[in-house]
Amino acid sequence: MSTLSEMITVTVMNSGSSLRRRTSAVLVTVFLGLPAFLWGMPTASAANAGTQGSPVDVVAAENFWGNIAAQIGGRDVKVTSLITNPNADPHLFETNAQDAALLAQAKIVIENGAGYDTWMGSLLSADGGQPDVVNAASVLHVGGSDPNPHLWYDLPRVPRVAAAIATTLTRVAPNDAATFRKNLATFDASLAPLDATLATIKKDFHNVSVAYTERVPGYLLADAELDVKTPPGFARSIEDGTDPGAADTVAMRQLLTNHDINVLLYNVQTVTPVTSQMRALAVQHHIPVVGVSETMPANAASYQQWQESQMVNLLHALRTSLSP
């Protein structure tokens, strides 16, 4: 492994599993010495929320949205996230009775939307409660027949989701509005190092060719103005848990064997024989591989630290690939 400042995410995978079952990947991440960044009208429940009583119960479908909610709510919220395992494929997540019970008690529910966590709709319909729901895709007006659902990688627009969470917390617990406003401002300010890293990638590597095994970092790469060469059908098939077509597989292989890309971004939570093969080809042809994940790792202090570490890895890989 490279030095700490040249940290690359390492994955350990079982390549013998079938595509439909998708293997789990063990994500081992060592973070750079980055700062931890830890830091309307009222509803009927507002009188008993926040400083006037117990913390507001918040349930987030995914732990990155849950982490952001916890930063904004502080001591006035109790946040539970349902998808928390960074070693499992979130597309295969199955709910249980405990999840339903948590939603039944929630005052606020946060979901990603855009087809990523459709099971949340079933849980909300079944629990009979009426929590306030923050849907990230709705906040960002993301829709259409085949949207990229990995909205938490769209760094410039994440503050809009954070603001929607703060607004909803204020509606449920108006007595704590000042705290939520202060914490939201702190969260927004803490994104400055990420904005700086993104700006460096955009300035130094504009339109450089890269590829990914699926669309997880798609928004990040678009924001950085990198040129994604992955055949769309290949990435969509991997995301859907199906075998990519022969033409897409051949095209993806040629990107690697011909060295037509400078970095391969590899989803460590969706490991299949096909993606393992692509990763091996990248290594064989001396193309840097950067691991990205859909779920925030357990050892990440915050959403900001997780995303910054991945962007620093990408920046280092681009520099390595293009160095004389």
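Here is a short walk through this predicted model, from its sheet to its nonpolar cores.

Let's begin with the sheet. Four strands make up an open sheet in the order β4-β3-β5-β6, and their pairing is parallel. At the edges you will find β4 (77-83) and β6 (132-135); each has a single partner strand, so one side of each is left without a neighbour in the sheet. On average, neighbouring strands of this sheet are turned by 20° against each other, direction ignored.

Now zoom in on one pair. Strand β3 (residues 56-62) runs parallel to β4, and six bridges join the two. To see one of these pairings, look at Val 56, whose bridge partner in β4 is Val 77.

Helices come next. Helix α1 (residues 63-73) packs on the sheet, where it touches β3, β4 and β5 (108-111). The direction of α1 makes about 175° with that of β4. Helix α5 also packs on the sheet, touching β3, β4, β5 and β6, and its direction makes about 175° with that of β6.

The largest nonpolar core has 61 residues, and Trp 65, Leu 226 and Tyr 303 have the most contacts inside it. Helix α5 (residues 158-172) gives the most to this core, contributing eight residues. Another core, of 17 residues, lies apart from it and includes Phe 234, Met 252, Tyr 266 and Val 268.

Note on methods. Residues numbered from 1 in each chain as written. Predicted model: local features only at pLDDT ≥ 70, side-chain atom pairs only at ≥ 80, totals over all residues. Heavy atoms only, no water. Core = buried A, V, L, I, M, F, W, Y, C linked by side-chain atoms within 4.5 Å. Buried < 20%, exposed > 50% of the residue type's maximum accessible area, 1.4 Å probe, protein only. Pairing = 2+ DSSP bridges. Axes fitted to C-alpha atoms, helices over the stretch in contact; angles between N-to-C directions. Contact = heavy atoms within 4.5 Å.
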